[in-house]
Structures are given as structure tokens and as C-alpha cells.
Amino acid sequence: MDSAERKLLGIIGAGRLGQAMARTALRAGRRVVIANSRGPESLAPVVSALGDGVSAGTVEQAAAAPTVVLAVPWEQVPGAVQGLQWNGRIVIDATNDFAGTDFEGSDLDRRTSSELVAGLVSGARVVKGANTLVAAVLGSDPHEAAGQRVIFLSGDDVDAKSEARRLFEDAGFSVIDLGDLVTGGRMQQIRAPLAGVNLIRLPDAD
Ligand SMILES: NC(=O)c1ccc[n+]([C@@H]2O[C@H](COP(=O)([O-])OP(=O)(O)OC[C@H]3O[C@@H](n4cnc5c(N)ncnc54)[C@H](OP(=O)(O)O)[C@@H]3O)[C@@H](O)[C@H]2O)c1
């Protein structure tokens with residue numbers, strides 16, 4: 001399969017997490033269009049370091065991919081997605097509400113951060129994922145200690161979650177589906193039990 005035939009992943013946010021997701025996508029045999037707030041020209045060193053299969057784009061170009069990873073700081077989420085049309089595309093929400101802020105005036109004790117994100121990307125099918133590991137771990141080879149690193153996913157749309165599962169499994173992760181966006185999101189968001197947990201699934205003993 002040549003590069004043009006490989007599936008495309010859009011990434012909004014080209015910092016630590018966005019670049020780690022780009023490495024994950026490359027491991028999975030995907031192509032990547034990655035965007036930041038300052039425009040594609042500013043990303044020349046980043047795409048050059050990430051290598052073949054990665055190009056820089058505008059936020060709109062990244063958001064036009066069939067699956068899009070949201071990897072911007074929490075406070076920047078509303079601005080980053082403002083005006084984008086989703087039309088059923090998949091958004092993997094990798095953000096964490098580090099600041100404990102509350103951009104909708106909602107009480108995060110009652111609403112998960114991904115519910116707030118889902119409200120901002122109306123028309124997208126949101127999967128929470130890639131937010132529990134620090135970027136350096138996420139971006140490294142998931143094969144470790146003779147096993148596979150675990151990644152947690154949650155979401156309400158079965159097909160969207162399957163597509164996200166394929167991405168991470170193709171990259172070498174072992175996926176644990178935590179259920180719907182609210183149930184799973186409550187376990188994997190910042191300050192929740194699975195935040196920062198780096199689990200390795202060992203092969204079944206025969
Ligand atoms: N770092 C981690 O280990 C880690 C782990 C798990 C989850 N996360 C989550 O991932 C998200 C990103 O964290 P990070 O550590 O990668 O942050 P970071 O290194 O500071 O990078 C942030 C990126 O977001 C871009 N950005 C900011 N506002 C934007 C906008 N309006 N439109 C497009 N791009 C915009 C920035 O572009 P410019 O430089 O051009 O402004 C930059 O490329 C956060 O929600 C964080 O909680 C991070």
C-alpha cells in the first residue's frame with residue numbers, strides 16, 4: 001500500500017500529545033495531517049522530525065479527515081473547534097481538564113469533560129481516548145515487557161469506537177473498552193482512577 005492509500009488521521013494540536021498521536025498513527029500505518037494555531041508553515045520542523053506520512057495543514061484541513069484527534073490544552077478547546085463542521089466524523093478527545101476550569105458553566109462533578117467537548121463538536125461521534133498516558137509513553141512502542149500497553153476508550157457510537165480501536169490496535173496497543181462516553185469518561189479523565197495508569201497486558205499463558 002503506498003502512502004496515498006493509507007487512511008488519514010487529522011490531529012488538531014501539534015504539541016507533546018499531538019506529536020505522540022502522530023507517532024502512534026504512523027505505527028498504525030496511517031497518514032497524518034497535523035495542525036496548530038499558528039499555521040502549517042510553523043510546523044515545518046515538526047513534520048520533518050515526524051517523517052514520511054505526516055504533513056502540516058490548517059485546522060480545517062485536519063478536521064476534514066475521517067478521524068480527528070483533539071490535542072489542544074483544555075482552555076483552547078472551544079476556540080480550536082469553533083466553526084468546524086463535523087458531519088458524523090469521528091473525534092478522539094485526548095484532552096484533559098488540567099485547569100479544573102469550566103468553560104460552559106457546568107459542574108464537572110456532574111458532567112464529564114468529554115461531555116463538554118461533545119457539546120462543542122456537535123455532529124461528531126466522540127470517542128474519549130489517548131488522554132490517560134503521558135505523551136512520551138503514548139508515543140513510544142506499545143510492546144513492552146513481552147506484552148502490550150493498554151489504552152482505554154469510551155464512547156457512545158459503536159462504529160466510531162471500533163474505528164478508534166482499529167487505529168490503536170494497528171499501532172500495537174491492547175484496547176480496553178470502558179463503555180459509553182459518560183461511564184468510561186468518568187474513569188479515564190484527569191483525577192479519575194485510570195488517569196496516568198500505564199498497564200501492560202501480558203500474553204495469555206497456555
Ligand atoms: N502532554 C501530555 O503528556 C498529555 C497527556 C495526556 C493528555 N494531554 C492533553 O492533550 C492536550 C494537549 O496537551 P499538550 O501537552 O500536547 O500541549 P502542548 O504541548 O502545549 O501543545 C498544545 C498544542 O495545541 C495547539 N493549539 C492551541 N490552541 C490551538 C487552537 N486554537 N487551534 C489549533 N491548535 C491549537 C498549540 O499550537 P500553537 O503552539 O500554534 O499555539 C500546540 O501545538 C491537553 O488537553 C492535555 O491535557 C496531554
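Reader: How many bridges join strand 1 to strand 4, and do they run parallel or antiparallel?
Author: 4 bridges join strand 1 to strand 4 (residues 67–70), and the two run parallel. Two strands pair here if DSSP finds at least two bridges between them. Helices (H or I, at least four residues) and strands (E, at least two) are DSSP runs, numbered from the N terminus.

Reader: Thanks. What should I know about the model and the numbering?
Author: This is a predicted model, where local features need pLDDT of at least 70 and side-chain atom pairs count only at pLDDT 80 or more, while totals for chains, interfaces and linings use all residues. Residues are numbered from 1 along each chain as its sequence is written.

Reader: Back to strand 1, then. Which residue of strand 4 stands opposite glycine 10?
Author: Valine 68 stands opposite glycine 10 there. In strand 2, the bridge partner of glycine 10 is valine 33. Strand 1 and strand 2 (residues 31–35) pair in the parallel sense over 5 bridges.

Reader: Why is strand 1 called largely enclosed?
Author: Because 4 of its 5 residues (strand 1 is residues 8–12) are buried, strand 1 is largely enclosed by the rest of the structure. A residue is buried if 20 or more other C-beta atoms lie within 10 Å of its own, exposed if 12 or fewer, and partly exposed in between, with C-beta atoms placed from the backbone.

Reader: What kind of unit do strand 1, helix 1 and strand 2 make?
Author: They make a right-handed β-α-β unit. Right-handed means that, with the strands pointing away from the viewer, the path from the first strand over the helix to the second runs clockwise.

Reader: Tell me about helix 1. How many of its residues are buried?
Author: Helix 1 is mostly covered, with 9 of its 12 residues buried. Among them are Leu17, Met21 and Leu26. Helix 1 (residues 16–27) reaches 17 Å from its first C-alpha to its last, close to the 16 Å expected at 1.5 Å a residue. That expected span is 1.5 Å times one less than the number of residues. Glycine 29 follows helix 1 and has a positive phi, near 80°.

Reader: On to the ligand. How many residues surround it, and which are the closest?
Author: 26 residues surround the ligand, and the closest are Gly15, Leu17, Asn36, Thr95 and Asn96. The elements that give two or more residues to this shell are helix 1 and helix 4 (77–81). Helix 1 gives the most, with 3 residues.

Reader: New topic: strand 6. Are its faces covered or open?
Author: Both faces are covered: Arg125, Val127 and Gly129 on one side and Val126 and Lys128 on the other are all buried. In a regular strand the side chains alternate between the two faces of the sheet.

Reader: Which strands is strand 6 joined to?
Author: Strand 5 (residues 90–93) is joined to strand 6 by 4 bridges, and they run parallel. Isoleucine 90 stands opposite arginine 125. Strand 8 (residues 147–155) is joined to strand 6 by 3 bridges, running antiparallel. Glycine 129 stands opposite leucine 153 in strand 8.

Reader: What is alanine 164 in contact with?
Author: Leaving aside neighbours within four places in sequence, alanine 164 is in contact with Ile90, Ile92, Val127, Gly129 and Leu153. Contact means that the C-beta atoms, placed from the backbone, lie within 7 Å. Alanine 164 is in helix 7 (residues 158–170) and is buried, with 27 other C-beta atoms within 10 Å.

Reader: Last one: is alanine 146 buried or exposed?
Author: Alanine 146 is exposed, with 8 other C-beta atoms within 10 Å. It lies in the loop between strand 7 (143–144) and strand 8.

Methods: A residue is near a molecule or strand if its C-beta atom, placed from the backbone, lies within 6 Å of it. Two residues are in contact if their C-beta atoms, placed from the backbone, lie within 7 Å.
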